[in-house]
Amino acid sequence: MSGNIHLLSDTLAAARSEDRAALIAYLPAGFPTVDGGIEAVKAVLDGGADIVEIGLPHSDPVLDGPVIQTADDIALRGGVKIADVMRTVREAHRATGKPVLVMTYWNPIDRYGIERFTAELAEAGGAGCILPDLPVQESAVWREHAEKHGLATVFVVAPSSKDERLAKITAVGSGFVYAASLMGVTGTRESVGAQAQDLVRRTRATTELPVCVGLGVSNAVQAAEVAGFADGVIVGSAFVKRLLDADDHAAGIAAVRTLAGELAEGVRKR
């Protein structure tokens with residue numbers, strides 16, 4: 001069974017044809033529970049997100065800040081497994097028809113088996129993977145299996161990436177390029193900053209792939225700012241924080257749906 005890389009590409013192209021950026025949401029699987037996490041993902045997509053990234057909780061998340069680390073810890077203590085991640089992808093895609101990716105560090109895939117992971121993700125209707133710690137020069141085997149199963153391979157670039165390095169990364173990536181807006185870990189911030197705009201400009205000089213910006217966006221004003229220069233706006237910690245801060249599960253679901261609507265409006269005000 002083939003994955004949904006073409007759905008991902010078509011979704012990003014459709015947003016561009018509407019003269020706006022795509023809204024890409026992130027939530028970890030298994031948080032606050034597996035069933036609760038699936039409900040939250042559906043709420044975010046129903047609320048206005050175009051694409052969603054499902055985080056595979058990891059005990060040593062080098063890119064993630066304290067908010068997502070807290071959610072990952074809750075998921076891991078709840079016993080979340082890769083099978084639960086696949087179930088989250090399957091149910092979110094089946095319910096909404098929208099592209100669903102997995103964001104994961106390399107170690108869990110390496111231990112699980114590349115062929116097994118890619119085959120199961122494609123069968124679940126997944127569109128691809130974001131792999132923040134997989135070096136491009138060591139990615140050939142992964143990319144071979146991902147391509148065979150119709151999955152995108154999204155690499156992360158950072159403001160520190162030199163132009164030559166950007167060209168090497170974008171030459172072998174697919175789906176889109178994840179541009180980290182600043183040096184550091186995930187989390188909400190007062191300002192996304194000029195570094196992100198410069199990184200998008202330099203990345204676009206090397207590729208025709210859409211360039212989507214994450215790390216730091218938490219409200220509609222910031223989403224509109226980033227949508228002015230990027231093809232996609234990625235929001236994670238702000239959604240997770242709404243769930244963490246909610247008085248109960250129902251309130252959390254309502255909060256993330258509302259936030260998705262506000263951000264969706266923001267990306268249309270570029």
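Is Arg87 buried, exposed or partly exposed? Arg87 is partly exposed, at a relative accessible area of 30% (buried is under 20%, exposed is over 50%, and partly exposed is in between, using a 1.4 Å probe and protein chains only). Keep in mind that this is a predicted model, where local features need pLDDT of at least 70, side-chain atom pairs count only at pLDDT 80 or more, and totals for chains, interfaces and linings use all residues. Residues are numbered from 1 along each chain as its sequence is written, and side-chain values use heavy atoms, with hydrogens and water left out.

**View 1. Arg87 and Glu91 pair up in helix 4.** Their side chains meet in a salt bridge, 2.8 Å from N to O (a side-chain nitrogen of Lys or Arg within 4 Å of a carboxyl oxygen of Asp or Glu). The two sit four residues apart in helix 4 (residues 82-96), so about one helical turn separates them. Helices here are DSSP runs of H or I, at least four residues long, numbered from the N terminus. Glu91 is partly exposed too, at 24%.

View 2. Glu164 is exposed, with a relative accessible area of 60%, while Lys168 is partly exposed at 49%.

**View 3. Arg242 and Glu262 link two helices.** This salt bridge spans 3.9 Å, N to O. Arg242 belongs to helix 11 (residues 237-245) and Glu262 to helix 12 (residues 249-267), so the pair ties together parts 20 residues apart in sequence. Both ends are partly exposed: Arg242 at 32% and Glu262 at 35%.

**View 4. Helix 6 meets helix 7.** The axes of helix 6 (residues 114-123) and helix 7 (residues 140-148) come within 9 Å and cross at roughly 30°. Axes are lines fitted to C-alpha atoms, for helices over the stretch in contact, with angles from 0 to 180 degrees between N-to-C directions. The two helices are therefore roughly parallel (that label covers angles under 35 degrees). Contact, meaning heavy atoms within 4.5 Å, involves Ile114, Glu115, Phe117 and Thr118 of helix 6, plus Val141, Trp142, His145, Ala146 and Lys148 of helix 7.

Note on methods: Angles under 35 degrees count as roughly parallel, over 145 as roughly antiparallel, 65 to 115 as roughly perpendicular and the rest as oblique.
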